[in-house]
Amino acid sequence: MRAARLIKMVLLLQSRPTMTAAELARELEVSERTVTRDAQALSEAGVPVYADRGRAGGYRLIGGYRTRLTGLHRGEAEALFLSGVPGALREMGLEDAASAARLKVSAALLPSLRDASRTAAQRFHLDAPNWFKEPETPGLLPEVADAVWDDRRITARYRRGEGEVERELEPYGLVLKAGVWYLCARAAPHGTHRVYRIDRFTAVEAAAERFTRDEDFDLPSFWEERAEQFARSILRAEVVVRLSPTGVGRLPHTVDPLSAREALQEAGTPDAEGWVTLTLPVESEEVAHTQLTALGAEVEVLSPDGLRERFAADAARSARLYAG
């Protein structure tokens, strides 16, 4: 533990001209007294750490000292490519590996480029979850992530309906969609690839042996295809509506965008008032009622009769509320 901390201290000093004891203590998550002892240990080991006294003082390396301990190990290199998603790294237990990788890269750069990571972080940030939702990290995510990195089979129990089932899976990849974690896995041995919500897992046990990954499997392509299939599979009902010109513009922001665009393309010509009649695929009448209510007076439901009656009742209730 201390050896790793000493290496990190050298890399920090190599990547910055001077650092105070307080700054080093914060980065290394130790006390300033420990920083002083570590600096002394490095000096005794031949690393030219120099301490400047006074208010503007701090620690620095002298004589152009460069450590060769900048090589990334595999875990750090893989984590580095995910460093633009800090929340995801933290949830998968890879935050320390990514931090070490960024530090090593920074230490290997020319002095004029060492602020690149800081300037990039000030300009770009990815916040994956939806608005107004508090994402919950699945408790078993780190175990699943470890199995994904190591290509290890897992025995997983997960909730399905009212009960639980157990499956042996070959975990191929993780996807973070709108704050929800999914596992893309193949049923072992040699089954088909499927998608599992990790927050439904109740137990995960990794096997000792590794599975042979199908090199033709492409995670982004697989996810895109399955996501489209899923979106279409849940649209099992249809409603017929009239939309005002304003409603036409708002529709893709209210229901499934792809279904909205396709329905609008197949719609007839607008009537004299500019309203368009179209058939829209929806998940259910209940969901359609919730989604289309957001369009207010810019939509008229024509069928099914049950849904039209619900909107008529809503309109009558609103009229009574505002009658005074």
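User: In what order do the five strands of the open sheet come?
Analyst: This is a predicted model. In it the order is β6-β5-β4-β3-β7, with antiparallel pairing.

User: Which strands are at the edges?
Analyst: β6 (193-197) and β7 (201-210); each of them pairs on one side only. From one strand to the next, the twist averages 45°.

User: How many bridges hold β3 and β4 together?
Analyst: Seven, between residues 152-160 of β3 and residues 163-177 of β4. Within that pairing, Arg159 has Glu164 in β4 as its bridge partner.

User: What does helix α8 touch?
Analyst: Helix α8, residues 141-150, packs on the sheet and touches β3, β4, β5 (180-187) and β7. Its direction makes about 70° with that of β4.

User: And where does α9 lie?
Analyst: Helix α9 (residues 219-233) lies across β4, β5 and β6, and runs at about 75° to β6.

User: Back to β5. How many of its residues are buried?
Analyst: Six of the eight, so β5 is mostly covered, where buried means under 20% relative accessible area.

User: How many bridges join β4 to β5?
Analyst: Eight, and the two strands run antiparallel. Leu169 stands opposite Ala187 in β5. The hairpin has two residues between the strands, and Ala178 takes a positive phi near 50° there.

User: What about β5 and β6, how many bridges there?
Analyst: Five, again in the antiparallel sense. Cys184 is opposite Val195 in β6. This hairpin has five residues between the strands, and His190 takes a positive phi near 60°.

Key:
Residues are numbered from 1 along each chain as its sequence is written. This is a predicted model: local features need pLDDT of at least 70, side-chain atom pairs count only at pLDDT 80 or more; totals for chains, interfaces and linings use all residues. Side-chain values use heavy atoms; hydrogens and water are left out. Two strands pair if DSSP finds at least two bridges between them. Helices (H or I, at least four residues) and strands (E, at least two) are DSSP runs, numbered from the N terminus. Axes are lines fitted to C-alpha atoms, for helices over the stretch in contact, and angles run from 0 to 180 degrees between N-to-C directions. Contact means heavy atoms within 4.5 Å. Buried means under 20% relative accessible area, exposed over 50%, partly exposed in between (1.4 Å probe, protein chains only).
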